[in-house]
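Biologist: Before we discuss the terms used for this model, please display the sequence and the structure.

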Amino acid sequence: MSRRVLIAGCGDVGTAAGLALARSGWAVTGLRRNVAAIPDPIRGLSVDLLDPASLDTVAGAWDALIYCPTPVERSEAGYRAIFVDGLRNVLKKVTAARLLFVSSTAVYGQNDGSVVDEASVTEPAGFNGRILLEAEAVAHAGAAEPVAVRFGGIYGPGRERLLRVASRGPANEVVAVPPQWTNRMHREDCGATLAWLTELAAPERCYNGVDDASVPRHEVLAWIAETLGVQGPTLTRGDGGSQGKRVSNARLRASGFACRYPDYRAGYGPMIAAWSGP
């Protein structure tokens, strides 16, 4: 019989993971309010993660559970509801040998341009990072093999905000000194990461999900503008405060995973070629 994976929150990243696992022979079930958006061969079920009764349809034992929902609103209440309460609801109904919990690099509070890895201190300043850390603890208590995956900024088709920003040219001001470090991962690589870690023998309890290159934000915008054939953004000097962080993916790469889009050029290039404008 096929191994069974349940994806709670089967949006674009969950769908990418589900399709990759289906190609490996898994029987994939995806939970989402709007199941019309879930493609074959993923079996879509309309479920509200905040309504315990609606989870009765998936109650029981699964080989793996991927928890990757999206909050209805970007607020402390919205985050707590979906990431903590929703996860607890699912874990009351579902048992899984391995649990993949999608977290964020927001759990790291470093803001001085330093390099962080999975062993770095997690002292987030924002509510999102604090709640995700709490949810990670719930996940780690909820399965025999829990894995938290801390993704950086997710981009890809449909997530084209930087293209719109860069297209404004010099009307867009961006701090260049000191550099404002950014970390990202293409949507398809996010899905591939989840699929890889679902099947990986003896995974670590936590991985950073970012590509191979942290890079200053002004560099990304300037390259996108140049590739679009427009004037680059106006570079400014900051007050020396916020510099972000450089997130390492060394642990993920050491596990054998390789990004299809290892840096922003590889990922944004095809997007720019297919882009029709703001």
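Biologist: Which residues of α6 meet which residues of α8?

Modeller: On the α6 side they are Glu 219, Val 220, Trp 223, Ile 224, Thr 227 and Leu 228, and on the α8 side Tyr 264, Arg 265, Tyr 268, Gly 269 and Ile 272. Contact means heavy atoms within 4.5 Å, and helices (H or I, at least four residues) and strands (E, at least two) are DSSP runs numbered from the N terminus. The model is predicted, so local features need pLDDT of at least 70 and side-chain atom pairs count only at pLDDT 80 or more, while totals for chains, interfaces and linings use all residues. Residues are numbered from 1 along each chain as its sequence is written, and side-chain values use heavy atoms, with hydrogens and water left out.

Biologist: What angle and axis distance describe the packing of α6 and α8?

Modeller: The angle is about 35° and the axes are 11 Å apart. Axes are lines fitted to C-alpha atoms, for helices over the stretch in contact, and angles run from 0 to 180 degrees between N-to-C directions.

Biologist: Why is the pair of Trp 223 and Tyr 264 called edge-to-face?

Modeller: Rings of Phe, Tyr and Trp (its six-membered ring) pair if their centres lie within 6.5 Å; planes under 30 degrees apart count as stacked, over 60 as edge-to-face and the rest as tilted. Trp 223 and Tyr 264 are 5.6 Å apart centre to centre with 80° between the planes, and therefore form an edge-to-face pair. This pair links helix α6 (residues 217–228) to helix α8 (residues 264–274), across 41 residues.

Biologist: How many aromatic pairs does the structure hold?

Modeller: There are seven. Another edge-to-face example is Tyr 79 with Phe 127, at 5.4 Å centre to centre and 90° between the planes. Tyr 79 belongs to helix α2 and Phe 127 to helix α3, 48 residues apart. Ring pairs also join Tyr 67, Tyr 79, Phe 83, Phe 101 and Phe 127 into a cluster.

Biologist: Why is Tyr 79 called buried, but Phe 127 partly exposed?

Modeller: Buried means under 20% relative accessible area, exposed over 50%, and partly exposed in between (1.4 Å probe, protein chains only). Tyr 79 has 9% and is therefore buried, whereas Phe 127 has 22% and therefore counts as partly exposed.

Biologist: What makes Phe 83 a buried residue, and which residues is Phe 83 in contact with?

Modeller: Its relative accessible area is 6%, so Phe 83 is buried. Beyond four places in sequence, Phe 83 is in contact with Tyr 67, Pro 69, Pro 71, Phe 101, Val 102, Leu 132 and Ala 135. Phe 83 is in helix α2.

Biologist: What makes a set of residues a nonpolar core?

Modeller: The set consists of buried Ala, Val, Leu, Ile, Met, Phe, Trp, Tyr and Cys residues joined through side-chain atoms within 4.5 Å. The largest such core has 32 residues, of which Leu 31, Leu 49, Val 58, Leu 65, Tyr 67 and Phe 101 touch the most other members. Helix α2 gives the largest share, six residues.

Biologist: How do you know that the charge of Arg 4 lies over the ring of Trp 62?

Modeller: The criterion requires NZ of Lys or CZ of Arg within 6 Å of the ring centre and within 35 degrees of the ring normal. Arg 4 lies over the face of Trp 62 at 3.9 Å from the ring centre.

Biologist: Why does Ala 202 count as exposed?

Modeller: Ala 202 has 67% relative accessibility, and therefore counts as exposed.
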